[in-house]
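The sequence and structure come before the details.

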Amino acid sequence: MSSNDETAKRNANDKARAKNAQVHQDRSHATKVIHSQFDNIGLTKRNAEYMFKFNQALGATKLSADKKNETVQTMIQELLEGQKSGKTARNMWGTVDQKVETTVHPPARPADPRRDYWKNAGYNAILFLTIFFLMYGVLYFLPTKGGQHAPMMGITGILISAAVAGLGIPVVTMMFTPGVKHQYSVWIRIILVVLFLIVWMGIFTVSSILPTVMNPVLNPIIYIVLGVLSGVGSFFVKRRFNITGGVF
């Protein structure tokens, strides 16, 4: 091999090494810049290092840039507050990997019947619409002793009865939520549930005898169709809002 070839080869190797060194230097500089975000803001050295590693790991996830920045800023404020009582980032959130996991896949919010009352009420109302629509729609086609069709409930009566059930069932659920200190003893709560059932059945009965002009009876096929539609609706409502206070 000629000396010119050797010289060219050495020059190429020198350029490659210089380029790699420059890349390494640039990366080191970028790392220092990122790390400096957590220096001199009141964090201990260990906590600043934790936040740097967390920020690096979070950057590799698919969370939006706004969500990442919001998460980091919130953690910094919580960590500064926690340091006042001697807490560390690891004490508060576990390892960096554990904190990234709970950030990207946060645990489901615990059930709270009081907070979720209206969601539960809406779900139960739709669920009882399904039950009543399908019940009356199907019963119409079942044979009876006299060869007559089973009595039908009008649409207004069904709506009222389902609404009362929807409003009442979540209250019953709250009255028997485990792990909660209740205002009344269990026997008082049982009596209240019985009273609710009596009132509900009374409203159900009164609704069924409303004049036809106020409570029209629809075609049983329409009832069945409405029952199927409301059933599908209740399924999606339960999945969408994580319902915990339903009958089913």
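Phe128, Phe132, Phe196, Trp200 and Phe204 form one aromatic cluster. Rings of Phe, Tyr and Trp (its six-membered ring) pair if their centres lie within 6.5 Å; planes under 30 degrees apart count as stacked, over 60 as edge-to-face and the rest as tilted.

The model is predicted, so local features need pLDDT of at least 70 and side-chain atom pairs count only at pLDDT 80 or more, while totals for chains, interfaces and linings use all residues. Residues are numbered from 1 along each chain as its sequence is written, and side-chain values use heavy atoms, with hydrogens and water left out.

**Aromatic pairs**

Across the whole structure, a search finds nine aromatic pairs. Two of them are tabulated here.

| Pair | Centre to centre | Angle between planes | Class |
|---|---|---|---|
| Tyr50 and Trp93 | 6.2 Å | 35° | tilted |
| Phe133 and Tyr223 | 5.7 Å | 35° | tilted |

Tyr50 belongs to helix α2 and Trp93 to helix α4 (residues 89-93), so their pair ties together parts that are 43 residues apart in sequence. Helices here are DSSP runs (H or I, at least four residues), numbered from the N terminus. Tyr50 and Trp93 are both buried, where buried means under 20% relative accessible area, exposed over 50% and partly exposed in between (1.4 Å probe, protein chains only).

Phe133 is in helix α6 (residues 117-139) and Tyr223 in helix α9 (residues 220-241), so this pair ties together parts that are 90 residues apart in sequence. Phe133 and Tyr223 are buried as well.

**Met153**

Met153 sits in the loop between α6 and α7 (155-175). Its relative accessibility is 2%, so Met153 counts as buried. Leaving out residues up to four places away in sequence, Met153 touches Tyr136, Ile158, Ser161, Phe204, Ser207, Ser208, Asn215, Val217 and Tyr223; contact means heavy atoms within 4.5 Å. Thr205 is 52 residues from Met153 in sequence, and the C-alpha to C-alpha distance is 9.8 Å.

**Helices α2 and α3**

The axes of helix α2 (residues 45-59) and helix α3 (residues 65-83) come within 11 Å and cross at roughly 165°. The two helices are therefore roughly antiparallel to each other, a term for angles over 145 degrees. The contact is made by Asn47, Tyr50, Met51, Phe54, Asn55, Leu58 and Gly59 of α2 and by Lys68, Thr71, Val72, Met75, Ile76, Leu79 and Gln83 of α3. Of these residues, eight are nonpolar, five polar and one charged.

How values were computed:
Axes are lines fitted to C-alpha atoms, for helices over the stretch in contact, and angles run from 0 to 180 degrees between N-to-C directions. Angles under 35 degrees count as roughly parallel, over 145 as roughly antiparallel, 65 to 115 as roughly perpendicular and the rest as oblique. Ala, Val, Leu, Ile, Met, Phe, Trp, Tyr, Cys and Pro count as nonpolar, Asp, Glu, Lys and Arg as charged, and the others, Gly among them, as polar.
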